[in-house]
Amino acid sequence: MLSTPEARSLWQPTRFRSLVLALATTAILPLINHIGVLGTNAIAAGLAWIGFGMLWAVIRYGDRMRAWVDVGYSTVED
């Protein structure tokens, strides 16, 4: 039993990672049985390219995206 708040806060990322891996495993293993290793790897590669594209867009157009919405952060002039 984790008795201190510090110990609980250190456990949270590990618990989240374990949950994500458990859910991914329950999705990937039946997919491998259904469409095979090559198809599953192709889907994973496609998702990785989509993630790359999103990351590239945020890096490339991040200034414009931030200009759309003012979330109230202070600036250097403030």
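Trp49 and Phe52 stand 3 residues apart in helix H1, so about one helical turn separates them. The model that shows this arrangement is predicted. The two residues form an aromatic pair of the edge-to-face kind, with 5.5 Å from centre to centre and 90 degrees between the planes. Trp49 counts as exposed because its relative accessible area is 60%, a value over the 50% cut-off for that class. Phe52 has 47% relative accessibility and therefore counts as partly exposed.

A further aromatic pair joins Trp56 and Tyr61, again edge-to-face, with 5.9 Å centre to centre and 90 degrees between the planes. Trp56 is partly exposed, with a relative accessible area of 44%. Tyr61 is likewise partly exposed, at 29% relative accessibility. In total, the structure holds 2 aromatic pairs.

The chain contains 1 helix and 0 strands. Its radius of gyration is 20 Å, whereas the globule rule gives 12 Å for 78 residues; the chain is therefore more spread out than a compact globule. Along the principal axes, the C-alpha trace spans about 60 × 45 × 15 Å. Helix H1 covers residues 5–68.

The surface values complete this overall description. Of the 78 residues in the chain, 3% are buried, where burial requires a relative accessible area under 20%. The accessible surface of the chain amounts to about 7,200 Å², and carbon and sulfur atoms account for 69% of that area.

An unreviewed UniProt entry lists residues 18–36 and 42–59 under "transmembrane region". In the model, residues 18–36 are 100% helix and 0% strand, and the end C-alpha atoms of this span lie 25 Å apart. Residues 42–59 are also 100% helix and 0% strand, with 26 Å between the end C-alpha atoms.

Which residues make the nonpolar surface patch of about 730 Å²? The patch is made by Val58, Met65, Trp68, Val69, Val71 and Tyr73. Val58, one of these residues, lies in helix H1. Its relative accessibility is 46%, so Val58 counts as partly exposed.

Charged side chains supply another contact in helix H1. The structure holds 1 salt bridge, in which the side chains of Asp63 and Arg66 meet at 2.5 Å, N to O. Both residues lie in helix H1, 3 residues apart, which corresponds to about one turn of the helix. Asp63 counts as exposed because its relative accessibility is 60%. Arg66 is also exposed, at 56% relative accessibility.

Definitions and conventions. Residues are numbered from 1 along each chain as its sequence is written. This is a predicted model: local features need pLDDT of at least 70, side-chain atom pairs count only at pLDDT 80 or more; totals for chains, interfaces and linings use all residues. Side-chain values use heavy atoms; hydrogens and water are left out. Patches are made of residues with over 30% relative accessible area and no salt bridge: like charges are joined within 9 Å, nonpolar side chains (Val, Leu, Ile, Met, Phe, Trp, Tyr) within 5 Å. Accessible areas come from the Shrake-Rupley method with a 1.4 Å probe; for residues, only the protein chains shown count as cover. A salt bridge is a side-chain nitrogen of Lys or Arg within 4 Å of a carboxyl oxygen of Asp or Glu. Helices (H or I, at least four residues) and strands (E, at least two) are DSSP runs, numbered from the N terminus. Buried means under 20% relative accessible area, exposed over 50%, partly exposed in between (1.4 Å probe, protein chains only). Rings of Phe, Tyr and Trp (its six-membered ring) pair if their centres lie within 6.5 Å; planes under 30 degrees apart count as stacked, over 60 as edge-to-face and the rest as tilted. The radius of gyration is taken over C-alpha atoms; the globule rule is 2.2 Å times the number of residues to the power 0.38. UniProt positions are given in the numbering used here, feature names are shortened, and annotations may be inferred rather than shown by experiment.
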